[in-house]
Amino acid sequence: MDADALSDARRAEWERLDELSRARLDGAGVDELIVRYRAASADLAELKTSVGESPQGAYLSTILVRARLRLTGASDSILTQTARFFSLQLPAALYRLRWTTLIIAVSFFAIGVGTAAWIASDPALIATLGPPAALEQYADESFTGYYTENPAAEFMGMVWTNNAWIAMQCVLFGVTGIWPIAMLVQNAMGLGVSGAVMAAHDKADIMLLYILPHGMLELTCIFVAAAAGLHIFWAWVAPGARSRGEALAEEGRSLATVALGLVFALFLAGLVEGFVTGWSLPWPVKIGIGAAALAVFLIYMIVIGGRAHRRGASGDLVEYEAGTPRLVAG
């Protein structure tokens, strides 16, 4: 089928549908709107079946969106929206961030390890971090005691809310292009300083054992949040064919999804940190639990997210919720 021929033949009918979707209607007008909506839907199905995505199909879709909103006047139910969020929108948004997340993770660990190696290699630099007795007390007691000094449920709630707030800041303030980078560098260097102190007192293995169970998932979530923030920043730096406002709105809607989704992932990381990391379980079991939590997140992000991406999801709201898109030639 020739898309141009169909468009030429049906254009007057489509324009009439568009006119009806904007007009004040009486009973006869509503009946006509319904009839023309059904006919245009059939035309769109024929276009998609025959030629796939096309400018003609995009044009007709925008008309049908407006007509459908006029007919229904209501959004999907909360159950439908929730199912769509977790099965399509959130995993698709996470999937889009996979490579940026990997780059951020490699950079974070490079800064952290580099800082630790630099400070640990020079006793004079270690000495600038505090009195020897205080550093020894930190390595022997304070570092590990942090995980057990509060009741497990209270500690879990504290770290969960703190990490969720950090992740949300990375996404929401990512538009600056500075906040996520500054936060990551600060935390990487802080981790490196702690590592240098622990290494200077022959406790580097203890630090690793205490960080791994919860840190695998927790740090991954922070990396994802930073990636989302930087994608939002890049949307208005390089918007492409869209206006900067449109690009920022689209990416903001898509990737704010990540901030909400990470609340749930960080809750799981908080459970591991509060009830597993500091408590009396064999270390292989603790690390295995942490690795399993990370595996669940990565499967959701890459496998389920890849499937949602191939179905055309981007993390943005559906067109009925986001509004009629502006068509751009070329």
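Helices (H or I, at least four residues) and strands (E, at least two) are taken here as DSSP runs, numbered from the N terminus. The structure is a predicted model, in which local features need pLDDT of at least 70 and side-chain atom pairs count only at pLDDT 80 or more, whereas totals for chains, interfaces and linings use all residues. Residues are numbered from 1 along each chain as its sequence is written, and side-chain values use heavy atoms, with hydrogens and water left out.

The protein has 13 helices and zero strands. Its radius of gyration, taken over C-alpha atoms, is 26 Å, well over the 20 Å that the globule rule (2.2 Å times the number of residues to the power 0.38) gives for 330 residues, so the protein is more spread out than a compact globule. Along the principal axes, the C-alpha trace spans about 85 × 35 × 35 Å.

The unreviewed UniProt entry places the feature "transmembrane region" at several spans, including residues 258-281 and 287-304; such annotations may be inferred rather than shown by experiment. Residues 287-304 are 100% helix and 0% strand, with end C-alpha atoms 24 Å apart, while residues 258-281 are 83% helix and 0% strand, with end C-alpha atoms 32 Å apart.

Within helix α10 (residues 204-237) lies T220, which at 13% relative accessibility counts as buried, that is, under 20% relative accessible area with a 1.4 Å probe and protein chains only (exposed being over 50%, and partly exposed in between). Apart from neighbours within four places in sequence, T220 is in contact (heavy atoms within 4.5 Å) with G215, L294 and F297.
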